[in-house]
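Visitor: I'd like to talk through a structure with you, going from single residues to the whole fold. Could you put it up first?

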Amino acid sequence: MSDSNPPAVRTGRPPRTSKAEILAAARRLIDRDGWEKLTIRRLAAEAGVGTMTLYHHVRDREDLLVQLLNQHVEDLPRPQLPAVPRDRIVAAALAMRDALAAWPWAADVVTTDGFVARLSDGALWMVEAIVAGAADAGCAPERSVDVFRHLWYYTVGEVLVRARSTRTPFTGPFTAAGTPHLAAIGDAWPRLAARDIYPEGLRAFVDSLLA
């Protein structure tokens, strides 16, 4: 007869996990496989828990992505915002662009006008800085919201176009008959298009919105 003890059988409640552990597992999945392949089932396997355990912390995949975005923005260092309203708006918009550029998939998640209501207080500082800057520049509340929305559309477009351009290489050339000016630019187009002109356009845009 063997003297070895039989393996213990785990009983009771299934293992629990925290929201921080879930978000960390989700970030690992996104970094490894891309956000398009993030699912609740795959996340449960990555975190080593059952799918029902995840639903104690996230409602669905979209809610999970919004929580990840909130955490991402909250963890970023905040720049020292200038006192001049116009410069404060520019600084906040640049920070917003950089935050999204680090995670381009996040721009896909928040491309609705109602996304602001889903952000945490810690992630709303960029929106607050732009709206407050517009108000301090003399804009009425409605106009302050318009200023933010214009800059938001401009910023999201910048981020999404640049992220997707890396997957769609320039195929040229342009034809001299139909597009002579483009043909003159020719193969220089990819180099010219790759330049970061967002800050230049942003400053001009803010000046025109506040005029």
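Visitor: Is Leu69 buried or exposed?

Guide: Leu69 is buried, because its relative accessible area is 5%, where buried means under 20% relative accessible area, exposed means over 50% and partly exposed is in between, computed with a 1.4 Å probe on protein chains only. Please keep in mind that this is a predicted model, in which local features need pLDDT of at least 70 and side-chain atom pairs count only at pLDDT 80 or more, while totals for chains, interfaces and linings use all residues. Residues are numbered from 1 along each chain as its sequence is written, and side-chain values use heavy atoms, with hydrogens and water left out.

Visitor: Which residues is Leu69 in contact with, leaving aside neighbours within four places in sequence?

Guide: Leu69, which lies in helix α4, is in contact with Trp103, Ala106, Val110 and Leu119 once neighbours within four places in sequence are set aside, contact being defined as heavy atoms within 4.5 Å. For Val110, the separation from Leu69 is 41 residues in sequence and 9.2 Å in space, C-alpha to C-alpha.

Visitor: Zooming out, how many helices and strands does the protein chain have?

Guide: The protein chain has eleven helices and zero strands, these being DSSP runs numbered from the N terminus (H or I with at least four residues for helices, E with at least two for strands). Of its 211 residues, 35% count as buried, and among contacts between residues at least 6 apart in sequence, 71% join residues at least 24 apart.

Visitor: And what does the accessible surface come to?

Guide: It comes to about 12,800 Å² for the protein chain, with 57% of that belonging to carbon and sulfur atoms; accessible areas come from the Shrake-Rupley method with a 1.4 Å probe, and for residues only the protein chains shown count as cover.

Visitor: What about the largest nonpolar core, how many residues does that have?

Guide: The largest nonpolar core has 56 residues, and those with the most contacts inside it are Leu38, Leu43, Leu64, Leu68, Trp105 and Ile130. Such a core is a set of buried Ala, Val, Leu, Ile, Met, Phe, Trp, Tyr and Cys residues joined through side-chain atoms within 4.5 Å. In soluble globular proteins, nonpolar side chains tend to be buried together.

Visitor: Which helix gives the largest share of this core?

Guide: That is α5, with nine residues, and α5 is itself mostly covered, since 13 of its 18 residues are buried. Its length is also consistent, because the 18 residues of α5 (residues 85-102) should span 26 Å at 1.5 Å a residue and the end C-alpha atoms are 26 Å apart, the expected span being 1.5 Å times one less than the number of residues.

Visitor: Changing topic to charges: how many salt bridges does a search of the whole structure find?

Guide: The search finds 13 salt bridges, each being a side-chain nitrogen of Lys or Arg within 4 Å of a carboxyl oxygen of Asp or Glu. One of them joins the side chains of Arg88 and Asp136 at 2.9 Å, N to O, and this pair links distant parts of the chain, with Arg88 in helix α5 and Asp136 in helix α7, 48 residues apart. Arg88 is buried, with a relative accessible area of 13%.

Visitor: Which residue does Glu158 form a salt bridge with?

Guide: Glu158 pairs with Arg162, the closest N and O atoms being 2.7 Å apart, and both residues lie in helix α8, four residues apart, which is about one turn of the helix. Glu158 counts as buried at 14% relative accessibility, whereas Arg162 is partly exposed, with a relative accessible area of 30%. Leaving aside neighbours within four places in sequence, Glu158 is in contact with Arg97, Asp196 and Tyr198.

Visitor: Last topic, how many aromatic pairs are there in the whole structure?

Guide: There are four aromatic pairs, where rings of Phe, Tyr and Trp (its six-membered ring) pair if their centres lie within 6.5 Å, and planes under 30 degrees apart count as stacked, over 60 as edge-to-face and the rest as tilted. Tyr154 and Tyr198 form a stacked pair, 5.0 Å centre to centre with 10° between the planes, and these two tyrosines sit in helix α8 and helix α11, 44 residues apart.
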